Amino acid sequence: MTEPLWTLDEAAAAMGGRVVADASASRALVGISIDTRTLKVGDLFFAIRGEARDGHDFVRDALARGAGAAVVAEERAADLSEAGPLIAVPARDEDGVLAAMRGLAVASRARTGARILAVTGSVGKTGTKEALRHVLAAQGTTHASVASYNNHWGVPLTLSRMPAASAFGVFEIGMNHAGEIAPLTRLVRPEIAIVTTVEPVHIEHFRSLSGIADAKGEIFYGLEPGGVAIINRDNPNFERLKAHALASRAGRVVSFGEHREADVRAERIVMRPDLSIVDVRAMGLPVTYQLGTPGRHTALNSLAVIAAVQALGADLALAALSLAQLRPPVGRGARHVLQVAGGEALLVDESYNANPASVRAALSTLAGVETAGRRIAVLGDMMELGADAPRLHRELADAVEEHGIDLVFTAGPLMQELFEALPASRRAGARPGSAELVDPVLEALRPGDAVMVKGSNSTRMGRIVEALKARYGGAADQDLAVGRSG
């Protein structure tokens with residue numbers, strides 16, 4: 001029989017709550033949930049108050065669906081006690097249920113013997129987290145953040161879900177404002193903390209790029225004594241980040257990149273249409289591996305993975321072999337073959353999010369696609385860029401030209417700036433939003449084309465991806481042969 005994630009009494013004790021249940025209630029809790037739509041039988045449901053909804057309104061539904069118990073505020077317990085087993089937690093100035101989840105996360109961290117890693121960065125943190133999950137899973141039971149659960153509720157949720165017997169735990173930590181990473185990294189207490197890069201993302205909330213670097217550097221505040229800080233040596237803010245690491249309890253700093261002084265240095269990166277080959281010198285040790293996801297940015301972030309594996313003392317050779325089977329997360333470069341009348345086209349789904357650095361990286365990857373047709377970029381607005389937003393959008397025209405992108409569709413008023421900066425020959429169409437762009441993109445596609453879709457989450461560029469797959473089918477990237485033309 002599988003061990004429960006928590007028992008009812010363990011969870012209540014960790015959260016400083018009291019159990020409201022009769023003797024017949026199951027004491028075994030198999031998982032943690034904050035959403036009745038994805039809840040599994042035996043889960044512990046947390047009635048968190050969100051911006052739009054109060055989780056207490058869903059407690060009866062959660063218990064009816066088979067939740068093992070629900071965590072509720074003490075003042076709501078009497079009204080909900082007939083619905084099923086509860087853990088009532090004290091009221092606080094903030095959401096008491098969310099605070100209780102943090103208490104469970106603290107208990108989870110205290111009981112585990114897992115090697116813990118944390119990742120942040122303006123670009124590439126989710127991909128790096130997934131790469132770490134992938135390579136470490138081949139060496140032991142690995143627990144990691146789901147999707148981009150990297151904020152004030154996502155991190156404690158992920159930590160409270162970690163099985164006690166995990167060998168490795170990988171946590172993604174994000175931020176929009178200064179001061180948001182520090183409490184989360186202190187909760188996770190990583191042995192290894194990685195900063196992938198610092199770029200002008202969420203810049204509207206900061207006075208400068210240096211401010212973003214300082215906010216990212218907070219990840220080192222939670223390092224366990226003697227822990228390892230892994231930092232991108234190629235980034236102009238390397239020394240600033242290093243200073244944060246040296247002011248923490250880090251035992252050492254390890255750098256990665258193409259810089260000649262990087263500890264884990266890429267000596268050669270060979271770009272292929274559907275993969276990369278990387279020659280690395282890792283702390284003096286030569287390592288060559290194939291990376292199953294294309295893109296120079298992905299290859300550079302893989303150096304952080306190699307650095308982390310080496311710092312853990314894990315099997316570096318096995319990790320290098322594992323990277324060949326790595327596939328991009330949903331919305332971050334996944335490829336789909338589309339069946340267009342008269343042949344095939346290739347869809348590159350980069351729709352999850354966007355900022356200047358990631359758009360440039362996506363355009364570079366699109367340029368590397370082997371195709372008999374046109375390279376088409378479908379781009380939505382990049383958000384949270386502050387007063388410089390129009391300029392940052394216009395400046396993408398240089399990357400479009402550099403990478404030989406044939407046609408560009410744009411969605412949104414900010415991307416209109418890019419559209420107007422392009423020569424007429426590259427302008428495919430501009431619309432106020434992604435919904436209005438669906439039909440023009442669908443009608444433009446021809447056999448042999450390669451189309452890449454990207455934009456900030458709020459622009460909902462994913463609807464264009466789904467429309468393309470719905471009309472033309474979409475075999476997932478694992479069905480693509482290596483080196484296949486679009």
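Trainee: Which strands does helix 1 lie across?
Mentor: Helix 1 (residues 8-15) lies across strand 2, strand 5, strand 6 and strand 7 (86-89), and it runs at about 10° to strand 7. Helices (H or I, at least four residues) and strands (E, at least two) are DSSP runs, numbered from the N terminus. Angles run from 0 to 180 degrees between N-to-C directions, with axes as lines fitted to C-alpha atoms, for helices over the stretch in contact.
Trainee: And what does helix 4 touch?
Mentor: Helix 4 (residues 96-111) packs on the sheet and touches strand 4, strand 5, strand 6 and strand 7. A contact is heavy atoms within 4.5 Å.
Trainee: What's the strand order in the five-stranded sheet?
Mentor: That open sheet goes 2-7-6-5-4, with mixed pairing. Two strands pair if DSSP finds at least two bridges between them. Its edge strands, each pairing on one side only, are strand 2 (18-20) and strand 4.
Trainee: Before I go on, is this model predicted or experimental?
Mentor: This is a predicted model: local features need pLDDT of at least 70, side-chain atom pairs count only at pLDDT 80 or more, and totals for chains, interfaces and linings use all residues. Residues are numbered from 1 along each chain as its sequence is written, and side-chain values use heavy atoms, leaving out hydrogens and water.
Trainee: What's the average pLDDT?
Mentor: The protein averages 92, and 96% of the residues score at least 70; pLDDT is the predictor's confidence in each residue, from 0 to 100. Over residues 477-486, though, the pLDDT is below 50.
Trainee: Switching topic: how much space is in the second largest pocket?
Mentor: About 1,100 Å³. A pocket is an open set of points on a 1 Å grid over the protein atoms alone, where a 1.4 Å probe fits, with protein on both sides within 12 Å along at least five of seven lines; lining residues have an atom within 4 Å of a point. The volume is the space filled by probe spheres set on the points, and grid points are joined across faces, edges and corners.
Trainee: Which lining residues are closest to its centre?
Mentor: I34, D35, R37, Y149 and W153, out of 35 lining residues. Strand 4 (31-33) and strand 5 (43-46) each supply at least two residues of that lining.
Trainee: Last one: where is H403?
Mentor: H403 sits in the loop between helix 14 (396-402) and strand 20 (407-411). Not counting residues up to four places away in sequence, H403 touches R360, L363, S364 and A367.
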